[in-house]
Amino acid sequence: MKKNKDVKYLILLLSVAVIWGFGFLSTTWALQEGFTVVMFNILRFGASAVVLGVVFFKQISKLTLKQVGYGALTAVLLVAGFWFQTAALGSADASTANISLFTASGVVMVPFFCWIIKRKKPSLNVFIAAILAFLSALCINLNGEFGHFSKGDLLALASAACFGLHYVVLDFTSKKVEKGALTFLQMAFATVGFAIVGLIFSPSDFTLSGVSAAGWGWMAEIVVLGTVFAYIVQTFAQNSVSPAYASVMLSAEGIFGSIFSLAFGMISFSWWIAAGTVFMAAAVVLTEGVRLKKPKEISSDTDTKQEN
């Protein structure tokens, strides 16, 4: 039974990594088809909130004010992470490959955030796996070409830090709120957050003029798979696995992003890509050594007890 549960979470987390890997391409294409950063994010998370509101209505109706606050806290980091990432993808001076590199670098930050916030040093396996995952992203996405930091690169690096913190905070809040309701709260507050940030920094971007039919198609894919499905899986999985485990699994998006880029002719094969695949495979295998535990047992390893 325990082994089946481990396999289930492994498959679900890796499926999200595949979807998010393709998401680097579909987001870029959606922006190229006329979406502004503001409207892209508002529609993405707003539509997802509506779908989740219907699916998890019973859980949502039982929320307390304190639980709503936990949802808002988690959403703040989600808003920051996706705002920086989408702005980076829309930047003219950064490539999709570089952005996926720096986004994936969030995985190596998670154990250190856990160490700082929870005062609990991660196991050696987690540190090594995180480093291997980062090296994988480095090989695959930079493909041996090391250049200067552009504005887009810095935006993507800021995004990675926000996502790294999001893993850690979600590990805490997912134990305080029903999973479906928490996912809804993240989407709902993210929608409001993007609208507020947009009004402050880019009020002229509240427009859908010029969005093509293809753009709407990419939006549908991003909402259904990249947002609703992906965040339901992440939120449920983090009630049973550590944030370090989840972050390493999800960091495989770097490999899948490169595979899709290769398939669509955006990059060419090289031995750097092959080396990156080996590094990520090693990280996944090593992470399997981090024992998955029941919710009550996780607290002893990740210091996420109910009283925190």
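Biologist: Which helix gives the most to the lining of the largest cavity?

Modeller: Helix α1 does, with six residues. Keep in mind that this is a predicted model.

Biologist: How is such a space found at all?

Modeller: A probe the size of a water molecule, rolled over the atoms, shows where empty space is left. In this structure the search returns one cavity of 30 Å³ or more. The largest cavity holds about 300 Å³ of space.

Biologist: How many residues line the largest cavity, and which lie nearest its centre?

Modeller: The lining has 27 residues, and those nearest the centre are W20, F82, Q85, F163 and E253.

Biologist: Which helices each supply at least two residues of that lining?

Modeller: Besides α1, they are α4 (65–89), α5 (96–104), α6 (106–118), α8 (151–173) and α10 (213–237).

Biologist: What classes of residue make up the lining of the largest cavity?

Modeller: Sorted by class, there are 12 nonpolar, 12 polar and three charged residues.

Biologist: Let us go back to α1. Where in the secondary structure is L12?

Modeller: L12 sits in helix α1, which covers residues 2–32.

Biologist: Is L12 buried, exposed or partly exposed, and why?

Modeller: Buried means under 20% relative accessible area and exposed means over 50%. L12 has 28%, so L12 is partly exposed.

Biologist: What about the cysteines C114 and C162, buried or exposed?

Modeller: C114 has a relative accessible area of 9%, so C114 is buried. C162, at 12% relative accessibility, also counts as buried.

Biologist: How many disulfides does the whole structure contain?

Modeller: A search of the whole structure gives zero disulfides.

Biologist: Now the overall picture. How many helices and strands does the protein have?

Modeller: The protein has 14 helices and zero strands.

Biologist: What share of the residues is buried?

Modeller: Of the 308 residues in the protein, 56% are buried. The accessible surface comes to about 13600 Å², and carbon and sulfur atoms account for 70% of that surface.

Key:
Residues numbered from 1 in each chain as written. Predicted model: local features only at pLDDT ≥ 70, side-chain atom pairs only at ≥ 80, totals over all residues. Heavy atoms only, no water. Disulfide = S-S within 2.5 Å. Buried < 20%, exposed > 50% of the residue type's maximum accessible area, 1.4 Å probe, protein only. Helix = DSSP H or I, 4+ residues; strand = E, 2+ residues; numbered from the N terminus. Areas by Shrake-Rupley, 256 points an atom, 1.4 Å probe, with all protein chains shown as cover. 1 Å grid on protein atoms, 1.4 Å probe; cavity = no way out; pocket = protein on both sides within 12 Å on 5 of 7 lines; lining within 4 Å. Points joined across faces, edges and corners; volume = space filled by probe spheres on them. Nonpolar A, V, L, I, M, F, W, Y, C, P; charged D, E, K, R; others polar.
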